[in-house]
Amino acid sequence: MSVRDEPPARGSGATAYRSSAYPWLLPWQVRERHFPPARLGRRGLDPDTVYAYLDRIAGDMLALYAEITKHRQETLRIKTALRRWQSEQASRVNGERR
């Protein structure tokens, strides 16, 4: 399957159903991707350039995953605080009604 056959990535502006057949790429998967060498007599990509680019992508992805984790932790903290506050308010209202 070529890259052109894959559905658009999240955040690309395009919309597409993403099934489990297309799992998200992880940084280690990008770093460990190897390209076959160009055939003799054919021009090919400079492997150093390709791997430098893949390292850059993996670094960017790692930073994004870290940011997502940070935001999920903050969301969990806020949800927990909100639930606690709602419980306190509910018990206060129920206590005043008695």
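**Exercise 1.** In which helix do Lys-70 and Glu-67 both lie, and how many residues apart are they?

*Before you start.* This is a predicted model, where local features need pLDDT of at least 70, side-chain atom pairs count only at pLDDT 80 or more, and totals for chains, interfaces and linings use all residues. Residues are numbered from 1 along each chain as its sequence is written, and side-chain values use heavy atoms, leaving out hydrogens and water.

*Solution.* 
Step 1: Both residues lie in helix α2, 3 residues apart, about one turn of the helix. Helices here are DSSP runs (H or I, at least four residues), numbered from the N terminus.
Step 2: Lys-70 counts as partly exposed at 49% relative accessibility, and so does Glu-67 at 35%. Partly exposed lies between buried (under 20% relative accessible area) and exposed (over 50%), using a 1.4 Å probe and protein chains only.

**Exercise 2.** Find the residue that forms a salt bridge with Arg-31, and say which parts the pair ties together.

*Solution.* 
Step 1: The partner is Asp-55, with the closest N and O atoms 3.5 Å apart.
Step 2: Arg-31 lies in helix α1 (residues 27–31) and Asp-55 in helix α2, so the pair ties together parts that are 24 residues apart in sequence.

Methods. A salt bridge is a side-chain nitrogen of Lys or Arg within 4 Å of a carboxyl oxygen of Asp or Glu. Helices (H or I, at least four residues) and strands (E, at least two) are DSSP runs, numbered from the N terminus.
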